[in-house]
Amino acid sequence: MLPNTTGRRRIVVASAVDTLGVGLFLPLSLYYFTISTQLSLTGIGTTTSAATLAALLTAPYAGALTDRLGPRNMTVLSNIVVAVGYMSYLVVHDYVELFAAVFVVMAGDRLYFAAWPTLIADISDDDQRDAWYALIQTVGAGSLGTGALLSGILLAGEKAQQLDLLIVFNSLTSVLAALLTLSLRVPLRPTGGGRLGGKNYAAVLRDRTFVRLLVGQALLAAAWILPGTFLPLYLVRSLGLPAWYAMVVFSFNYFLVFLFQLLVTSLFHSFRRTRTIALGACCFVVTTAVMAAAPLAGHTGALALLLAAIAVYTVGEMLCVPAGNAAVAAHAPAEMRGMYMATFQLTGAIAFGAGPGLVGVLFALDPAWVLVAVALAVTLGGLAVVSSDRALVRTCGDAAGGSDDV
């Protein structure tokens with residue numbers, strides 16, 4: 001089911017353009033600095049992680065500014081900040097410059113992930129929010145997958161100059177996305193002043209219903225480490241498969257989201273969002289079980305099982321992501337929606353930041369411990385989300401999704 005995009009198609013095009021540029025460069029971001037600078041791989045990785053984690057501190061300000069200045073303006077600003085950050089990659093020579101450049105890009109990301117879900121909530125009708133988030137998820141998957149494929153083709157020569165062109169192109173797509181978003185007409189909504197202090201965020205964290213959703217999302221975010229962080233190690237070190245298999249499986253995830261996200265969201269439109277998310281959590285548990293069985297199946301069987309696992313994982317992702325965003329958008333007071341969204345989106349960023357370290361520790365003990373930990377986390381996450389069900393119905397009414405008997 002497609003949402004009504006009349007008068008709002010530019011935001012869809014902006015999302016496609018922006019994520020195409022990200023897809024072109026994202027798989028190569030760490031590699032770029034290994035050939036464009038004289039810095040060590042360990043130093044590059046450590047500095048990049050430090051800058052990424054430091055940028056998380058800007059999330060509260062991003063949410064407050066979204067409520068103060070409006071989500072459209074903040075989405076535009078985030079695109080410009082990211083464009084400047086990527087262009088600064090071209091002049092990185094030492095660790096200080098590397099930290100600064102990555103920090104600017106990641107700070108722009110925090111602005112973006114506070115602003116765009118709030119913008120979608122503002123331009124969509126209450127009964128179409130899930131479909132809107134599904135549409136943006138679909139467009140993003142298609143553009144990211146296409147960008148990643150093109151980057152592989154363009155990198156045939158493995159020259160820094162070719163990557164420089166990708167950086168310039170990525171920056172230009174961010175600027176173009178900013179211009180498209182700036183031209184979008186957005187309905188007026190109440191503004192709460194978005195204080196940069198902690199008072200308004202204290203109100204957000206006193207919202208027990210939201211905190212349940214937040215805790216649930218934080219635990220469910222453990223699943224995000226499976227395709228990108230855990231799977232490459234598992235394929236090579238545990239299953240003895242070539243490393244390029246990871247890209248095949250990763251692309252399969254993008255491909256499935258692009259093809260089926262809108263269909264899945266439409267099929268579950270009559271379900272409560274909390275129950276949709278809980279069903280997604282069940283999919284993640286099944287994913288860990290199928291992955292755990294892969295070593296018993298031989299090389300060919302292992303690849304087949306991993307593709308099946310990623311298919312189930314992708315269904316879980318397609319259930320959880322739009323429903324989670326829509327649930328928060330429906331529950332949050334309009335004048336504080338930016339702060340709610342900034343806080344909610346922070347859970348994924350923390351998972352991606354902390355995931356590699358946790359996977360490294362548990363994988364060294366036994367790869368199975370990673371799968372056990374993820375299964376336990378997502379189970380508790382699903383239960384936390386379900387515990388907010390009745391409270392969401394009281395605060396959102398019909399906007400909670402579904403009906404009392406579903």
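Arg273 and Asp130 are both buried, where buried denotes a relative accessible area under 20%, exposed over 50% and partly exposed the range in between, for a 1.4 Å probe with protein chains only. The structure is a predicted model, in which local features require a pLDDT of at least 70 and side-chain atom pairs a pLDDT of 80 or more, whereas totals for chains, interfaces and linings use all residues. Residues are numbered from 1 along each chain as its sequence is written, and side-chain values rest on heavy atoms, with hydrogens and water left out.

The side chains of Arg273 and Asp130 form a salt bridge with an N to O distance of 2.7 Å; the criterion is a side-chain nitrogen of Lys or Arg within 4 Å of a carboxyl oxygen of Asp or Glu. Arg273 belongs to helix H13 (residues 273–293) and Asp130 to helix H7 (residues 129–154), so the pair ties together parts that are 143 residues apart in sequence. Helices (H or I, at least four residues) and strands (E, at least two) are taken as DSSP runs and numbered from the N terminus.

By this criterion the model contains four salt bridges. In one of them, Asp122 is paired with Arg337, and the closest N and O atoms are 2.7 Å apart. Asp122 lies in helix H6 and Arg337 in helix H15 (residues 337–365), so this pair ties together parts that are 215 residues apart in sequence. Asp122 is buried at a relative accessible area of 12%, and Arg337 is likewise buried, at 8%.

A further salt bridge joins the side chains of Asp389 and Arg272, at 2.4 Å from N to O. Distant parts of the chain are linked by this pair, with Asp389 in helix H17 (residues 389–396) and Arg272 in the loop between helix H12 (244–267) and H13, 117 residues apart. Asp389 and Arg272 are both buried. Through shared partners, salt bridges connect Arg272, Arg275 and Asp389 into one network.

At the level of the whole chain, 17 helices and zero strands are assigned. Of the 406 residues, 51% are buried. The accessible surface, computed by the Shrake-Rupley method with a 1.4 Å probe and, for residues, with only the protein chains shown as cover, amounts to about 17400 Å², of which 69% belongs to carbon and sulfur atoms. Among contacts (heavy atoms within 4.5 Å) with a separation of 6 or more, 85% are between residues 24 or more positions apart.

Nonpolar cores were defined as sets of buried Ala, Val, Leu, Ile, Met, Phe, Trp, Tyr and Cys residues joined through side-chain atoms within 4.5 Å. The largest such core has 75 residues, and Tyr234 and Met291 have the most contacts inside it. Helix H14 (residues 298–331) gives the most to this core, contributing eleven residues. A second, separate core comprises 20 residues, among them Leu39, Ala51, Met106 and Leu166. When residues up to four places away in sequence are not counted, Met291 touches Leu226, Phe230, Leu231, Tyr234, Leu306, Ala309, Ile310 and Leu371.

Rings of Phe, Tyr and Trp (its six-membered ring) were paired if their centres lie within 6.5 Å, with planes under 30 degrees apart termed stacked, over 60 edge-to-face and the rest tilted. The count comes to 14 aromatic pairs. Tyr112 and Phe113 form an edge-to-face pair, at 5.4 Å centre to centre and 85 degrees between the planes. Tyr112 also pairs with Trp116 in a tilted arrangement, at 6.4 Å and 35 degrees. Tyr112 and Trp116 both lie in helix H6 (residues 95–123), four residues apart, about one turn of the helix. Both Tyr112 and Trp116 are buried, the relative accessible area of Tyr112 being 14%, whereas Phe113 is partly exposed at 28%. Elsewhere, ring pairs link Tyr32, Phe33, Tyr86 and Tyr89 into a cluster.

Tyr86 is also in contact with Ser171, as are Ala83 and Met87, neighbours within four places in sequence being left aside. Ser171 is located in helix H8 (residues 160–182) and is buried at 4% relative accessibility. The side chain of Ser171 reaches the backbone oxygen of Ala83 at 3.3 Å.

In helix H4 (residues 59–69), the residues Ala59, Ala62, Gly63, Ala64, Thr66 and Asp67 are buried. Helix H4 is followed by Gly70, which has a positive phi near 100 degrees.

Note on methods:
Polar contact = N/O pair within 3.5 Å; in protein donor to acceptor, adjacent residues only side chain to side chain.
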